Amino acid sequence: MSKKLSLSIEDLHVTYPLTGAAGKNKVARAVDGVDLQVFVGETLALVGESGSGKTSMANAIMRLIDPSAGKIMIDGVDVVPLQGKELRAIRRNFQMIFQDPFESLDPRQRVIETVMEPLAIHSIGESEAERREMALAALSQAGLRPAAEIGERFTHQLSGGQRQRVAIASAIILKPSLIIADEPVSMLDVSLRAGILRVMADLRDQLGVSYLFITHDLSLAWMFADRIAVIYLGRIVEEASAVDLIANPMHPYTKALVSVIPVPEVTSLEDRTILTGEIPSPASIPSGCRFHPRCPLFRELGEPAKCLTEDPILQIQSNAESHRVACFFSDNKGNQ
Ligand SMILES: Nc1ncnc2c1ncn2[C@@H]1O[C@H](COP(=O)(O)OP(=O)(O)OP(=O)(O)O)[C@@H](O)[C@H]1O
Ligand SMILES: [Mg+2]
């Protein structure tokens with residue numbers, strides 16, 4: 001049985017022009033050839049450290065920035081060439097929750113107005129009263145109760161956790177098929193995170209919404225997602241079911257990330273791999289395998305020339321159809 005795609009990204013590139021004399025005509029390749037699929041109803045976590053291109057990818061999918069190349073298929077339609085009305089109509093199916101709930105909401109608006117706004121933009125609802133009812137239902141679904149009372153507050157009167165719930169209510173009111181959540185809990189107090197994630201999980205169960213869940217925290221991805229894609233310097237380096245990726249990481253980068261998950265059943269203190277060095281700048285991506293300057297396996301194998309000259313592509317591994325890895329030596333035998 002073939003699963004239906006909600007989002008399919010093909011060879012996506014996002015570049016930023018470099019400024020200053022040294023940067024003339026040069027670009028930073030923040031997203032550098034990404035293929036990624038999210039199936040209907042599933043949660044895919046995109047995991048990577050700061051600067052790996054996660055937000056650039058989310059912004060390109062939402063068409064908040066223009067990709068420099070590639071296709072973004074939403075429910076089977078490439079949205080990259082679309083503009084204006086056509087883009088707005090299809091974008092209704094995709095909503096985004098941003099990292100910073102203080103920046104993403106207008107502090108002078110009442111909560112109810114904020115949540116009703118997307119309805120007016122898309123001309124949904126017969127009357128103001130109907131739109132209000134829909135907004136109250138969305139607030140309630142996002143866990144803001146009593147909705148009528150909270151709806152009358154101004155967003156600047158709310159806590160970070162409440163604001164993120166308003167953002168969730170504004171996202172679900174259009175009944176999107178996919179929500180892109182870019183680090184939705186990383187700016188919130190630890191005590192509030194579980195509540196927000198619970199609301200997001202409930203929406204998945206009740207509305208069948210798919211998620212592209214962006215995080216730098218692999219253990220969070222493991223808890224929340226069905227599948228995980230690991231991004232490094234603008235490229236997916238490994239992709240598998242959440243269970244398989246944690247139990248059997250194959251890329252040396254993923255192995256290092258898994259080795260420091262602070263959960264005893266996953267890792268032991270002795271097996272920790274602490275990566276040295278920083279993620280390079282996307283303005284000067286290393287040759288060959290972009291991970292080689294930080295790769296423990298590269299050093300262990302005596303610095304194979306292949307890693308310096310050839311760019312590994314994401315390939316299916318023999319153990320599982322859905323487990324893909326971009327490493328020449330991930331099986332440790334070097335025979336690929
Ligand atoms: N508007 C911009 N102009 C120039 N470079 C940018 C711009 N936005 C992002 N970058 C660069 O692109 C790379 C990827 O940034 P991006 O914000 O997509 O990463 P991220 O994975 O979301 O990181 P974080 O975890 O810190 O949010 C970084 O090197 C960043 O400095
Ligand atoms: Mg980001």
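How many cavities of 30 Å³ or more does a search of the whole structure find? The search finds two, where a cavity is a set of points on a 1 Å grid over the protein atoms alone at which a 1.4 Å probe fits but cannot get out, and where lining residues have an atom within 4 Å of a point. The structure is a predicted model, in which local features need pLDDT of at least 70 and side-chain atom pairs count only at pLDDT 80 or more, while totals for chains, interfaces and linings use all residues. Side-chain values use heavy atoms, with hydrogens and water left out, residues are numbered from 1 along each chain as its sequence is written, and chains are lettered from A and ligands numbered from 1 in the order in which they are written.

The largest cavity holds about 90 Å³ of space, a volume being the space filled by probe spheres set on the grid points, which are joined across faces, edges and corners. Its lining has 13 residues, with C289, C295, C307, C327 and F329 nearest the centre, and it divides into 11 nonpolar, two polar and no charged residues. Here Ala, Val, Leu, Ile, Met, Phe, Trp, Tyr, Cys and Pro count as nonpolar, Asp, Glu, Lys and Arg as charged, and the others, Gly among them, as polar.

The second largest cavity, of about 50 Å³, is lined by R235, V237, H251, C289, R290, D311, P312 and A326, and by class these are four nonpolar, one polar and three charged.

The largest pocket, by contrast an open set of points with protein on both sides within 12 Å along at least five of seven lines, contains about 620 Å³ of space. Of its 23 lining residues, Q95, M96, F98, P118 and S170 are the closest to the centre, and the elements that give two or more residues to the lining are helix 2 (84-91), strand 6 (94-97), helix 3 (111-121) and helix 6. Helices (H or I, at least four residues) and strands (E, at least two) are DSSP runs, numbered from the N terminus. The pocket lining comprises 12 nonpolar, six polar and five charged residues.

Helix 6 (residues 160-172) packs against helix 7 (residues 190-207) at an angle of about 15°, with the axes 10 Å apart, where axes are lines fitted to C-alpha atoms, for helices over the stretch in contact, and angles run from 0 to 180 degrees between N-to-C directions. That makes helix 6 roughly parallel to helix 7, a term for angles under 35 degrees. The residues of their contact divide into eight nonpolar, three polar and one charged.

Conventions: Angles under 35 degrees count as roughly parallel, over 145 as roughly antiparallel, 65 to 115 as roughly perpendicular and the rest as oblique.
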